[in-house]
Amino acid sequence: MNLRYFFYFLALLLYVSTALNSYGFDDEFVNISFIEAYGFSSFKNTQTEDVHPPLSYIINALLYEVFNSWVVVRVISALAICAAFFYVGENFFRRYGHRAATLTFLLLASNPAILLWGTSLRWYAYFLIVLLWLSITPKKHGIAYWAKLSVGLTILGYINYIAFLLAPAII
């Protein structure tokens with residue numbers, strides 16, 4: 001069995017287990033209260049009551065409306081962040097080899113802050129997924145590079161305004 005896939009599986013178990021067993025933290029209760037009170041239109045109210053852009057509220061509201069369970073929404077966040085880890089790991093493997101891929105994956109997946117935020121109901125989970133996707137740039141700096149950069153930065157900007165601080169470094 002390939003060691004990389006074993007680590008992917010362990011991370012998946014850890015993140016899904018955390019999502020299933022988490023009671024949440026204070027920021028998440030604000031998110032839950034907005035969505036449960038206003039449903040899908042909660043993002044409109046957050047524009048006057050919260051400083052964050054609306055995309056994470058929209059994602060959470062859609063997922064909650066479909067599954068009617070905050071635990072399932074957490075599990076989806078956990079699966080998405082693990083998919084992002086897999087994406088980064090496999091790209092690093094192709095570009096830099098097994099050692100670099102394994103080390104990068106372990107540094108990301110074993111970070112306690114990422115474990116907490118990546119399984120949460122707030123913007124951090126979605127922001128990191130897009131940031132990791134954006135961090136793997138196309139090899140040629142042609143139209144694919146600029147398209148990915150434009151789409152990625154736009155999505156990041158709708159998730160959190162910190163994207164504007166990170167944009168120069170990302171570009």
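Mentor: Happy to. The lining is made up of Leu134, Ile136, Thr137, Pro138, Tyr145, Lys148, Leu149 and Ile170. Keep in mind that this is a predicted model.

Trainee: How many cavities of 30 Å³ or more are there?

Mentor: The structure holds 1 of that kind. The volume of the largest cavity is about 60 Å³.

Trainee: And what is the lining like by class?

Mentor: It has 6 nonpolar residues, 1 polar and 1 charged.

Trainee: Which helix gives the most to that lining?

Mentor: That would be helix α9, residues 143-159, with 3 residues.

Trainee: Ok, let's stay on α9. How far does it reach from its first C-alpha to its last?

Mentor: Helix α9 has 17 residues and spans 24 Å, close to the 24 Å expected at 1.5 Å a residue.

Trainee: Which residues of α9 are buried?

Mentor: They are Tyr145, Lys148, Leu149, Gly152, Leu153, Leu156, Gly157 and Ile159. Looking down the axis of α9, these buried residues fall within an arc of 155 degrees, so they line one face of the helix.

Trainee: Why would residues three or four places apart point the same way?

Mentor: Because an α-helix has 3.6 residues a turn.

Trainee: Nice. What do the buried residues of α9 pack against?

Mentor: Their partners are α4 (55-67), α5 (70-96), α8 and α10 (162-170).

Trainee: Switching topic: where is leucine 131?

Mentor: Leucine 131 sits in helix α8, which covers residues 123-135.

Trainee: And what does leucine 131 touch, beyond residues up to four places away in sequence?

Mentor: Leucine 131 touches Leu156 and Ile170. Leu156 is one of the buried residues of α9, and Ile170 is among the residues lining the largest cavity.

Trainee: How far is leucine 131 from histidine 52?

Mentor: Their C-alpha atoms are separated by 17 Å, and the two residues are 79 places apart along the chain.

Trainee: What is asparagine 60 in contact with, leaving aside neighbours within four places in sequence?

Mentor: Its contacts are Asn31, Ile35, Trp70, Val73, Leu121, Arg122 and Tyr126.

Notes: Residues numbered from 1 in each chain as written. Predicted model: local features only at pLDDT ≥ 70, side-chain atom pairs only at ≥ 80, totals over all residues. Heavy atoms only, no water. Helix = DSSP H or I, 4+ residues; strand = E, 2+ residues; numbered from the N terminus. Contact = heavy atoms within 4.5 Å. 1 Å grid on protein atoms, 1.4 Å probe; cavity = no way out; pocket = protein on both sides within 12 Å on 5 of 7 lines; lining within 4 Å. Points joined across faces, edges and corners; volume = space filled by probe spheres on them. Nonpolar A, V, L, I, M, F, W, Y, C, P; charged D, E, K, R; others polar. Expected span 1.5 Å × (residues − 1). Buried < 20%, exposed > 50% of the residue type's maximum accessible area, 1.4 Å probe, protein only. Arc of directions from axis to C-beta.
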